[in-house]
Amino acid sequence: MESAAESKVDVLIVGAGPAGLMLSLWLAKLGVKTRVVDKRTGKIVSGQADGFQCRTLEIFDSFGIGHKVWHEANHMLEVSFWNPDQDGKIRRHHRGPNTQPNLSRFTESVLHQGRVESILIDTIRASASDKHPLIEIERSVMPTALTIDESCVDDEDAYPVEVTLRHLTEEEATPTQRLSNLQDGLYRSNLAEDDTERLLANTNGVGREEKVRAKYVVGCDGAHSWVRKTLGEEYQMKGESTDAIWGVLDIIPITDFPDIRSRCMIHSAEYGAMMIIPRENKLVRVYTQLKKVSTGTGRVDRSQITPDFILETARKILSPYTLDYHYIDWWTAYQIGQRVGDRFSKHNRVFLTGDAVHTHSPKAGQGMNVSMGDTYNLGWKLGLVCKKLLRPQVLDTYELERKQIAQQLIAFDHKFSRLFSGRPAKDASDEAGSSMSEFQQAFREAQLFITGVGIRYQPSILTSESDLKGGLQDTETASQGQVISVAESAAHCQPGRRFASQIVLSQADARPWELQLHLPSDGRFRVVVFGGDISQATQLATVNKLGGWLQANWMTDEDPSIVDVLLVHSAPRDKIEMLQDLHDVFHPFDKKLGWDYDKVFADSQGSAHEHYGVDPERGAIVAVRPDGYIGLVTALQAEDGWRRLQVWFDGLLRPSSS
Ligand code: FAD
């Protein structure tokens, strides 16, 4: 083995699955010196996750790549529930929308994980520039040792985490497949042993070793996470496994089943349950409960599980309809269980994300989404701390915000997967059976969580309280002496929730825009000023005074400034001359590019104001975090309202001289 070289890096990411790649994308966009290593030779080419939730599509769109997924993916618009009738035959019991309408401008869509990873990798590469170093995924590399120098974890300039990396041979880095002619996901499944221990034990390899000193290390290394295990006992995940085993086939089906191009949840009387997911390129994913391999003792006879066995079971469930295929793309099997870690970070220097810190069953299409949600949450915080723009205390909010989501996910999956795997109750007196109406209701009620749009982060330095009861902080005194509740100033904009999209018109050229498109993921905080009716002189004066105050206080010399300002007003559009009437902050000037015309929007009919819960006369201020979540809502007229904004920013942003 060659001797260890040594280097330094700001962030070392272990694992280039969806979580690792989303994190790499943020750090590439923000220009942070980063290395990403993965023990496999290449990204996955088929199978694994495929469900893309609305919020994840919004996030991809904020990076300018939502259209790629949206265009290629299958849009899953309907869901059908099939249950046994009195004679034990499956019948369509209910058909309805798969995603509750109007939650988002997107709907749940399906595209396989390998394609999603390709889109992310291409975008990471394309983010490299003179200012931003290229981040390449380093394949066939795995860590073998990690130590934290606790004496310097509070020193921001220190590199307290030392990691030894081993470069693997191609043979070591290539996963073993069960069948020689077909890709499977068994090597990643919880029914198979992970190979990390075996690779670590192999000290006779020819692979080179190197030492890396990192400011931060992020474990994105999946369910068998080596990083998590290295952090010690207290990082073990807690939870339980059931004896329910499910098989998965990705096939182009040949069938007379009428709903094959809809999402279906099917419960048979005798043979178990099944889910159908219509996919891109005529593929269909069939999830099948494998009752015969469940021993009831937690031990599974894995040798029985083959594509033919899964197909045979699916046929029984779907009978009297037929099911066959000529083309199969991928297959796997897994055991249902739910586990979550207690701690998501050590000293805010090593972080755990994605499957490395929460695992559950895949049928509700959550894992890839929540995993990317973790690193979407962490990435900008880490990036802006590395760039010394954000106070390091903000890193505390990663565990606070994402552990809560992971726990909600585990609770939801626990309920949903047990109802799904349960035998359908014959009637109300059949207490051992699962109620199918309860199952449907659980699915409907969980829509806000499943789609990701219902997430609400709890109060912290990043997310202000919205509904304080009583006390001075609850109200702002307007210039007219009128008392305004802060929560009321934008009643439907709750701190901790994502800033939803509404259509507004560009002041400059009347083009309708989804407002969310003007809040891209570029690492900037956004102050969205709802200006109210600025055709009124006093209202215009207030908005312009606020513009001057924002410019003087928060528009730094950084290019671009860490704070960006947008104005949405409710005045008749033709009553406003953007350049003449409005403060410079609403149309910044660049010597080469001229004025920026994309900062001012008209909502003259007031419908966006209504959706945001903002009074179209009075307006409001909504401060949005770089990840599109609302940090603070405050009143427009009152100077107290601006002071709240000042206090909020002071707690987060570092003075430019420090
Ligand atoms: P992973 O995707 O597991 O990525 C971890 C990466 O780390 C891998 O590239 C691995 O090679 C690498 N790695 C592991 N150990 C090491 C090491 N020691 N050193 C270096 N690298 C290492 N989720 C959804 O959202 N929607 C779905 O529809 C969906 N369907 C699913 C269907 C199936 C059949 C399965 C099995 C899962 C499904 N999931 C779904 C779950 C989803 O696949 C995972 O939750 C998601 O992949 C987790 O992402 P991750 O980046 O955290 O981990």
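Tutor: Domain bounds here come from an automatic or database domain assignment. This is a predicted model, in which local features need pLDDT of at least 70 and side-chain atom pairs count only at pLDDT 80 or more, while totals for chains, interfaces and linings use all residues. Residues are numbered from 1 along each chain as its sequence is written, and side-chain values use heavy atoms, with hydrogens and water left out.

Student: What distance separates the centres of domain 1 and domain 2?
Tutor: Domain 1 covers 5-74 + 109-239 + 340-447, and domain 2 covers 465-651. Taken over C-alpha atoms, their centres are separated by 35 Å.

Student: How many salt bridges does the rule find across the interface of domain 1 and domain 2?
Tutor: Contact means heavy atoms within 4.5 Å, and 18 residues of domain 1 are in contact with 18 residues of domain 2. A salt bridge requires a side-chain nitrogen of Lys or Arg within 4 Å of a carboxyl oxygen of Asp or Glu. Across this interface the rule finds two.

Student: On which residue is the kink in α9 centred?
Tutor: Helices are DSSP runs (H or I, at least four residues), numbered from the N terminus. In α9, 20 of its 20 residues are buried, where buried means under 20% relative accessible area with a 1.4 Å probe, protein chains only. The bend at a residue is the angle between axes fitted to the seven residues ending there and the seven starting there. The kink in α9, of about 25°, is centred on Leu378.

Methods:
Helices (H or I, at least four residues) and strands (E, at least two) are DSSP runs, numbered from the N terminus. Buried means under 20% relative accessible area, exposed over 50%, partly exposed in between (1.4 Å probe, protein chains only).
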